[in-house]
Structure formats: structure tokens, C-alpha cells
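The report below describes one protein chain, moving from its overall layout to individual side-chain pairs. The sequence and the model come first.

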Amino acid sequence: MIWLPAGGHDTPDFFVPAWDAGEVRAYTAFNLSLEGAFNEIADVGATDEDGIALDALYRAIFALAKERKRDCRGILATAIWGVVADFKGMGKKRSPAPMNGDSTPVPENRTATNYSGYSIVAFGIGIDRSADLSGYDKSALDAILAPQPEGGDTNGLYLHNHGAVFRNAPWDPEADLIKGIERCFADGEFVDMRHLLNTTKIYRAKVGIAYISAIKRK
């Protein structure tokens with residue numbers, strides 16, 4: 001379990017269950033894993049000096065897949081390594097279990113922090129609701145489409161992305177996607193991690209794209 005405490009220092013705390021001496025278990029709020037390799041790797045550069053928004057990036061990927069007649073059935077997953085233009089996300093500002101015993105859910109708070117120029121590593125999914133999604137397992141699809149507090153469904157496009165920001169991991173246009181991500185984790189200084197709003201913008205990025213053929217619940 002990972003959460004932001006109420007102290008306001010924006011440093012996450014961690015809780016790992018340890019009731020046995022076996023393997024370490026990880027529990028996340030974004031419990032999705034990708035099986036298989038990326039279908040494509042895209043090199044993205046914003047034409048607007050303000051950057052390209054996440055929803056615009058996903059729309060461009062879907063449009064390109066249709067134009068090139070790629071085997072995209074309406075759902076895709078991405079891994080993104082890039083440079084932040086405008087970081088907008090949501091995160092908990094209080095413990096999920098308030099000390100006063102009040103069980104009322106604590107709403108997530110918007111953040112729009114000035115991380116322009118920092119490196120970002122993001123992972124997520126995009127669903128084109130205008131596509132024929134009948135070929136996917138309905139219960140598994142419904143689980144992915146769980147309501148989001150904000151930043152989910154936008155004009156028929158559903159996105160769910162999480163991103164981490166790093167400093168001191170400069171952009172290298174010659175590095176590939178995997179090397180860029182590895183460099184952030186190995187050499188970069190972790191700064192922040194959020195559920196990304198669709199209005200988050202990037203200047204440039206390498207994007208791994210996987211066209212999802214099936215969704216399985218475990």
C-alpha cells in the first residue's frame with residue numbers, strides 16, 4: 001500500500017504485509033499487467049510549444065492505427081518515457097483511514113505542479129468507446145472501466161494513466177524506450193507520482209504501444 005500522509009511533504013509512505021516469511025506481495029490500486037511485446041514504438045514530438053496533451057496523444061495513436069489498418073480493436077496500452085510540459089495529476093492528501101474513525105472517503109485532490117522539463121515515466125490504457133468492444137470479456141472490461149474521480153472518460157475516449165516524475169535524468173533522443181525508462185529509475189531522482197489527468201502535457205516522448213486483443217481477470 002502506498003499513500004501520501006497528511007504532513008504535506010508529498011513523500012509517499014509504504015506498507016508491506018509481512019505475516020509470513022515467503023515472497024513479498026505487492027498490492028496496487030492499478031492492478032493491470034501487460035502480456036506480450038509492444039506492437040510499435042513511436043517517437044513523439046509536440047508541434048505546439050505548450051506540448052501535447054495525453055488525450056490528444058491517444059487520439060492520434062488510435063487514428064494512426066485505423067489509417068494503417070493495424071490490428072487495434074479499440075483498446076491499447078502504452079508505456080511512455082518523455083519530457084513534461086505540464087504535469088497534472090491527482091493524489092491523496094490524507095491517510096485513507098483517518099485517525100478520528102470517520103470512514104467517509106477522502107476525495108482526491110488535483111495537483112498542477114511546475115515540473116516542466118522534468119522526465120516522466122508513465123504507464124496506462126486507452127479505450128475507444130466508439131469501437132466495437134463486444135469481442136472482449138464483459139466482466140473484465142467493466143472492471144477496467146471502473147468510474148474515475150476525474151480524468152477518465154473524455155468525449156468517448158477512456159484513459160487511465162499513472163506517471164512518475166524524475167529530475168536529473170536528461171532526455172537523450174538517441175536512447176530507446178527501455179533504456180530511457182531504466183535510466184530514470186537508476187540515475188534519476190524521484191520527485192512525484194500521480195494518477196494523471198488527461199490534460200497532462202509532454203514536449204517529446206518515446207511511446208511503446210500495445211494493441212490489446214484480450215482482457216483476462218485473475
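## Basis and layout

Helices (H or I, at least four residues) and strands (E, at least two) are DSSP runs, numbered from the N terminus. This is a predicted model, in which local features need pLDDT of at least 70 and side-chain atom pairs count only at pLDDT 80 or more, whereas totals for chains, interfaces and linings use all residues. Residues are numbered from 1 along each chain as its sequence is written, and side-chain values use heavy atoms, with hydrogens and water left out.

The chain has 3 helices and 11 strands, and from the N terminus on these elements follow the order β-β-β-β-α-β-β-β-α-β-β-α-β-β. Contact here means heavy atoms within 4.5 Å; among contacts in the chain with a separation of 6 or more, 81% are accounted for by residues 24 or more positions apart.

## Confidence

The predictor's confidence in each residue is given as pLDDT, on a scale from 0 to 100. The chain averages a pLDDT of 81, and 72% of the residues score at least 70. Over residues 93–107, however, the pLDDT is below 50, although this stretch has 16 contacts in the model beyond near neighbours in sequence. Where pLDDT is low, the predicted coordinates should not be read in detail.

## Surface and burial

Accessible areas come from the Shrake-Rupley method with a 1.4 Å probe, and for residues only the protein chains shown count as cover. On this basis the chain exposes about 12700 Å², of which carbon and sulfur atoms supply 52%. Residues are called buried under 20% relative accessible area, exposed over 50%, and partly exposed in between (1.4 Å probe, protein chains only); of the 218 residues of the chain, 40% count as buried.

Isoleucine 80 is found in strand 5 (residues 75–91) and is buried, at 2% relative accessibility. Not counting residues up to four places away in sequence, isoleucine 80 touches Leu54, Leu57, Ile120, Val121, Ala122, Leu177, Ala205, Lys206 and Val207. Of these, Ala205 lies 125 residues away from isoleucine 80 along the chain, yet the two C-alpha atoms are separated by 6.5 Å.

Valine 84 also has its place in strand 5, and its relative accessibility of 0% counts as buried. The contacts of valine 84, leaving aside neighbours within four places in sequence, include Tyr115, Ser116, Gly117, Tyr118, Val165 and Tyr203.

## Salt bridges

A salt bridge is taken as a side-chain nitrogen of Lys or Arg within 4 Å of a carboxyl oxygen of Asp or Glu, and a search of the whole structure finds 7 of them. In one, aspartate 128 pairs with lysine 66, the closest N and O atoms being 3.4 Å apart. This pair links distant parts of the chain, with aspartate 128 in strand 7 (residues 119–128) and lysine 66 in helix 1 (residues 54–67), 62 residues apart. Aspartate 128 counts as buried at 9% relative accessibility, whereas lysine 66 is exposed, with a relative accessible area of 56%.

Another salt bridge joins the side chains of lysine 138 and aspartate 142 (2.8 Å, N to O), both of which lie in helix 2 (residues 138–144), 4 residues apart or about one turn of the helix. Here lysine 138 is exposed at 59% relative accessibility, while aspartate 142 is partly exposed at 39%. The side chains of arginine 167 and glutamate 189 also meet in a salt bridge (3.0 Å, N to O); arginine 167 lies in strand 9 (residues 157–167) and glutamate 189 in strand 10 (residues 189–196), so the pair ties together parts that are 22 residues apart in sequence. Both are partly exposed, arginine 167 at 29% and glutamate 189 at 37%.

## Aromatic rings

Rings of Phe, Tyr and Trp (its six-membered ring) pair if their centres lie within 6.5 Å, and planes under 30 degrees apart count as stacked, over 60 as edge-to-face and the rest as tilted. The structure holds 5 aromatic pairs. Phenylalanine 166 is buried at 3%, and phenylalanine 190 is partly exposed at 37%.

Phe87, Tyr115 and Tyr118 form one aromatic cluster.
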